[in-house]
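Here is a friendly tour of one protein model, taken a piece at a time. Please keep the viewer open as you read.

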Amino acid sequence: MASPHEKLAESLEVLKAMQDRGVVAVRSRDLTRTHRERLLRNGFLQEVMKGWYIPARRDEAMGESTSWYASFWDFCAAYLQERFGTNWSLSPEQSLLLHVGNMTVPRQLLVRSPKARNKVTKLPHDTSLFDTRAALPEAGYVVERDGLRLFSVPAGLVSSASGYFRQNPADARAAMAMVRDASEVLGLLLEGGRTTVAGRLAGGFRNVGRDRVADDIVNAMRTAGYDIREKDPFDETVQLISPAREQPPYVTRI
């Protein structure tokens, strides 16, 4: 009969094989009940929620968050894939943070999906996930990175709330620096007649020294028949952009 030590070694080999395959989010069905309970009992597995676990270090003190924060993004990618397939994305604001390399674990991760139930899922160490029934990025404006489905940078800039720029100025400026040409955002701005957003982005690009991009946004919106107010989202300076006299009457669409 195998000793307790040998039985634990057997369970650890199973867990290691999973980790070698890149598995971070361990589901109940991934392990036999015997292996799962043995690993939990000996501190090598940590429960995240019913039916979901992450590998842990045996020497990690009770209540320590190291394993959770190290596993957070991989866990969320696997969990959301299991729940929604490919029919989901992170919020535009969170997408932009990840695009510029800000991997800080949020207190609450916002997720969009047509299948969402508008509910909070509690996660370890006072973190949570909130899935909201909201529109996903349009075709061609969603990208996948390490299993996470994100708004592209142009779509994220167009879709983010104005507060994002004030609350995350360094990250927002870094995201704007990733846009090479105004054409990357103009399709989204013109399609929806998004004059308020166009004014915000024009002001933002001017703030980061991208005057040509700012001018191109203003001129394209004006040529399409829109009157916009250029507003620096970082300091809220407002400047009225007037239409040319020879143009037909303008309508403001928000």
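Contact here means heavy atoms within 4.5 Å. With that in hand, we can walk through this predicted model.

## The three-stranded sheet

Let us begin with an open sheet of three strands, whose order is E1-E3-E2 and whose pairing is antiparallel. Strand E1 (26-27) and strand E2 (45-49) are the edge strands; each has a single partner strand, so one side of each is left without a neighbour in the sheet. Strand E3 (residues 52-55) is joined to E2 by four bridges in the antiparallel sense.

Helix H3 (residues 66-84) lies across E1, E2 and E3, and runs at about 140° to E3. Helix H2 (residues 33-41) lies across E2 and E3, where it makes an angle of about 105° with E2.

## H1 against H2

H2 also has a helix to meet. Its axis and that of helix H1 (residues 4-20) come within 9 Å of each other, crossing at roughly 100°. The two helices are therefore roughly perpendicular to each other, since angles from 65 to 115 degrees count that way.

Which residues in H2 does H1 meet? They are His35, Arg38 and Leu39, and on the H1 side the contact is made by Lys7, Leu8, Glu10, Ser11, Leu12, Val14 and Leu15.

## H9 against H10

Helix H9 (residues 195-207) and helix H10 (residues 211-223) have axes that come within 7 Å and cross at roughly 160°. H9 and H10 are therefore roughly antiparallel to each other, the cut-off for that term being over 145 degrees. The crossing in which H9 passes H10 is left-handed.

On the H9 side, the residues in contact are Thr195, Ala198, Leu201, Ala202, Phe205 and Arg206. They meet Asp211, Val213, Ala214, Asp215, Ile217, Val218 and Met221 in H10. This contact has nine nonpolar residues, one polar residue and three charged residues.

## Strands around E7

Now turn to strand E7 (residues 127-132), which runs parallel to strand E5 (residues 108-112) and is joined to E5 by five bridges. Within this pairing, Arg112 has Thr132 in E7 as its bridge partner. E7 also pairs with strand E6 (residues 119-123), again over five bridges but in the antiparallel sense. There, Phe130 in E7 stands opposite Val120.

## Positive phi in the loops

Most residues other than glycine have a negative phi, so the exceptions deserve a look. The hairpin of E6 and E7 has three residues between the strands, and His125 takes a positive phi near 60° there. Asp126, found in the loop between E6 and E7, is not a glycine either, yet has a positive phi of about 60°.

Is Asp126 buried or exposed? Its relative accessibility is 65%, so Asp126 counts as exposed, the threshold being over 50%.

Another example is Asp146, in the loop between strand E8 (142-145) and strand E9 (148-151). Asp146 is not a glycine, but its phi is positive, at about 55°. With a relative accessible area of 65%, Asp146 is exposed.

Technical notes
Residues are numbered from 1 along each chain as its sequence is written. This is a predicted model: local features need pLDDT of at least 70, side-chain atom pairs count only at pLDDT 80 or more; totals for chains, interfaces and linings use all residues. Side-chain values use heavy atoms; hydrogens and water are left out. Two strands pair if DSSP finds at least two bridges between them. Axes are lines fitted to C-alpha atoms, for helices over the stretch in contact, and angles run from 0 to 180 degrees between N-to-C directions. Angles under 35 degrees count as roughly parallel, over 145 as roughly antiparallel, 65 to 115 as roughly perpendicular and the rest as oblique. A crossing is left-handed if the near helix is turned anticlockwise from the far one by less than a right angle, and right-handed if clockwise. Ala, Val, Leu, Ile, Met, Phe, Trp, Tyr, Cys and Pro count as nonpolar, Asp, Glu, Lys and Arg as charged, and the others, Gly among them, as polar. Buried means under 20% relative accessible area, exposed over 50%, partly exposed in between (1.4 Å probe, protein chains only).
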